[in-house]
Amino acid sequence: MDETAAREHTARRPDRILLALVGVVVLLVVVALAVVFTRGEPAPLDEASPAGVVQRYSKAVIDGDSTTAQSYLTEGAKSRCRGAYVSEPAPARVVLVSTTERTNSATVKVSIVRSSQGGPFGPSEYEMEDAFSLLKVNGQWLIDQPPYPLVDCTVVPVKP
Amino acid sequence: MTAPAATSVPAPAGGLATLRRLILYVLLFALVVISASGLQGLLERLFRTASTDVAGLALSLAFTLIGGPLALLLWWFVWRRLDDESERRAPGWGLYLTGMYAVSLIIATTSLLNLATSFIDTQESQWPSPLANGIVWSAIWWWHRWMWKHPRKPSSHLEDVRAVVGSVFGLLLGAGAAIAALGTLLDVAIRGFTAAAAFEPWWFPVLRSLVWAAGGAVVWWWHWFREGGRRFQTGLVDVTIIAVGIFVAGITALGGLGVILFVLLRLAFDPSDPLNDLLEPLAPAIASAVIGALVWRYHRTTSVTRSTRTRRASLLVTSAVALAAAASGIGVVVNALLAAAVSPLAGGATRTLLLGGISSLVVGAPVWWLAWKPRHQPRTAGDIPPGRRVYLVAFFGVSAVVALITLLVIGYRLFEFLLGDVTGGSLLDRVRAPLGLLVAAGLVAGYHFALWRHDRALLAASAPAHKRVVERVTLVSGYPAGSVDPEALARGIADGTGAKVTTWLRADDGGPGLPPSTEPSPVAGDLIRQVTAALEGATTQQILVVAGPGNRLEVIPLVGVGGAAVLDGPAALGGPAALGGHAPGRVLRP
């Protein structure tokens, strides 16, 4: 009897493990759905800080709002942005890595995530790290050198 | 060396003959390719009326006039030698024939299909080049097929490889082009005709893909049915069915289904992109799902009619593909969950990511459930099919490797965070993908490890009954050629007992050289069962099995000269261990 019971016990054990795993997966999906769908817009940073400027500029580029994006660039950056620059699809996500602030200049490192539809099992993401160079012009931080995935040159500068 | 080998002349030593064949066939291969290229150039020039390319003409002439005669001369030399049976059975000839057959088939098919589709175009057709290529390589293909099937000098070596190469090429070409044709058609139906309106009507690309698909289907049909690719009961054909028909087709179908679901979910819950962009992947995904499922279903049905091993392998591979889809879906869900926990500077796209993960999970999990049947796992050691343990160990191993790599990436990012000036949010954002994979790999590894331990416990419980005593079996087969395959018999005994089997064929009675015996030979399966049953009670490490002709079957335990018990075996088979003694062999049937 004991042996039969032990065998039945061994036979049933993977079932319990299976149930636990299915439970974990279902829980993960439910929590992810709840968190992702209740998530609001990214929290805005102070516009007077370099990171705040980078945030507003990046949001404008991702939204395709070139006029707003241009307003965060220095004159030098605007003038370098000449000619037709056929950009790839805008990045999906920009995350702050670090900020280095000096008296008149600053460097904001960001992690840029792009996503593509490819891959046999759903979308895939690529992450790269790059930096914004900012200058203080008339007491306001402006971007002098955006990283190339976030360069927006659709507005042709008006020549004086 | 110039005289061809006569039958009375002894064949050169093995190494030298192999080297001669290697050089000969490599040279022949190169010469055939060179002359084909020259002929193709000359024909193309003939079809084009005006051409002033002197250098090209000179090259074609050199290739044709020097390569051509040399190729013919060498071929004549080789062909005369192929009267000899051993020459035709040499691997070199089989490899040459297979290689050139495959190359010529692929070039001829693609050239002729290129020629056909070049007329479905609004621009002027560029037909001379594909036509010249098609003519030359079709002729070479036909020539090599003639040599393969020659009534007097047939080459059966690697015959299944030629049939398999042809059918796999045809299948991949046909299925790929069919997906393209159906995808383009559905795209026009779903999104309307948008792009390239100025150049050509919408049905031109569909028709071109359809022509390619038809060409691929014909090549596949020819090799799979006419040349009998499906009838070869070889390991290669089994592996091809599993690798192409089940694995590749399964990934295509499941991937397509996943993308369909992804697009539908995005339409419902995440319509952030313009509708046209959202719907772009839908048509190719539907086409992949339909064609992939068709190919998969055909090969699944085919594998059922083949050996049990093939059927089981096809099920395991289906289960593996589906599990990979489901597990990567779980990884992406965790990834999206962590992405939502980080507040980015700009953008988001976590919804898209989550929906991608969910669609992969929802498509993979049911297929895995159906193929793997997690609720009907083996309850006894006898239920554990062979191959299952390999599958469990393979999945456990692969997930362990994935876990190791992801741990390394996570560790790197963590130390970067600890040592440098990096925000915590960016740390989480950069480890979320490896962390998702780690969770998925952990779940997969945990489940398969539990199953593996469970199986091991079952096997250990039943081990005493299966304790192996017999180490080595010497099988002496006396069945006439064509009745019982001694190789299959040896494999069956080895599988049944776990012993190492050495096979010998009898040369004195009923051997392959003698006329078949009038007694019907037993079926290999029965024989294997009888031998295995007889060996179960064996107490010695060495066993001699004399099987055939007819119903004769003797199982004789052996011990070394110094041992206590010795046997009373036939004097003709006396080896060092078969001298005198009194333990009689067990005669199962007179």
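Ala116(B) is partly exposed, because 17 other C-beta atoms lie within 10 Å (a residue counts as buried if 20 or more other C-beta atoms, placed from the backbone, lie within 10 Å of its own, as exposed if 12 or fewer, and as partly exposed in between). The model is a predicted one, in which local features need pLDDT of at least 70 and side-chain atom pairs count only at pLDDT 80 or more, whereas totals for chains, interfaces and linings use all residues. Residues are numbered from 1 along each chain as its sequence is written, and chains are lettered from A, with ligands numbered from 1, in the order in which they are written. Ala116(B) belongs to helix H4 (residues 91-118) of chain B, where helices (H or I, at least four residues) and strands (E, at least two) are DSSP runs numbered from the N terminus. Between the C-alpha atoms of Ala116(B) and Thr352(B), which are 236 residues apart along the chain, the separation is 42 Å.

Chain B as a whole contains 16 helices and 6 strands, and of its 590 residues 40% are buried. Of the contacts in chain B between residues at least 6 apart in sequence, 77% join residues at least 24 apart, a contact being a pair of residues whose C-beta atoms, placed from the backbone, lie within 7 Å.

Two helix pairs of chain B are described next. Helix H6 (residues 159-191) and helix H8 (residues 235-269) of chain B pack at an angle of about 15°, and their axes are 10 Å apart; axes here are lines fitted to C-alpha atoms, for helices over the stretch in contact, and angles run from 0 to 180 degrees between N-to-C directions. H6(B) and H8(B) are therefore roughly parallel to each other (under 35 degrees; over 145 is roughly antiparallel, 65 to 115 roughly perpendicular and the rest oblique). Their crossing is right-handed, the near helix being turned clockwise from the far one by less than a right angle, with anticlockwise giving left-handed. On the side of H6(B), Asp160(B), Val161(B), Val164(B), Val168(B) and Leu171(B) meet Leu236(B), Val237(B), Thr240(B) and Val244(B) of H8(B). This contact comprises 7 nonpolar, 1 polar and 1 charged residues, where Ala, Val, Leu, Ile, Met, Phe, Trp, Tyr, Cys and Pro count as nonpolar, Asp, Glu, Lys and Arg as charged, and the others, Gly among them, as polar.

For helix H11 (residues 308-341) and helix H12 (residues 350-372) of chain B, the axes come within 7 Å and cross at roughly 155°, so that H11(B) and H12(B) are roughly antiparallel to each other. The crossing of H11(B) and H12(B) is left-handed, and their contact has 21 nonpolar, 10 polar and no charged residues.

The contact between the chains takes 43 residues from chain A and 51 residues from chain B. Elements giving two or more residues to the chain A side include helix H2 (50-63) and strand E1 (93-101) of chain A, while H1(A) gives the most, with 17 residues. By class, the chain A side divides into 28 nonpolar, 8 polar and 7 charged residues.

Strand E1(A) is joined by 2 bridges to strand E1 (residues 346-347) of chain B, in an antiparallel arrangement (strands pair if DSSP finds at least two bridges between them), and Arg93(A) has Gly347(B) as its bridge partner in E1(B). Within chain A, 8 bridges join E1(A) to E2(A), which run antiparallel and form a hairpin with 3 residues between them; Val95(A) stands opposite Ser111(A) in E2(A). E2(A) is joined in turn to E3(A) by 12 bridges, again antiparallel, with Lys109(A) opposite Ala131(A) in E3(A).

Notes: Two residues are in contact if their C-beta atoms, placed from the backbone, lie within 7 Å.
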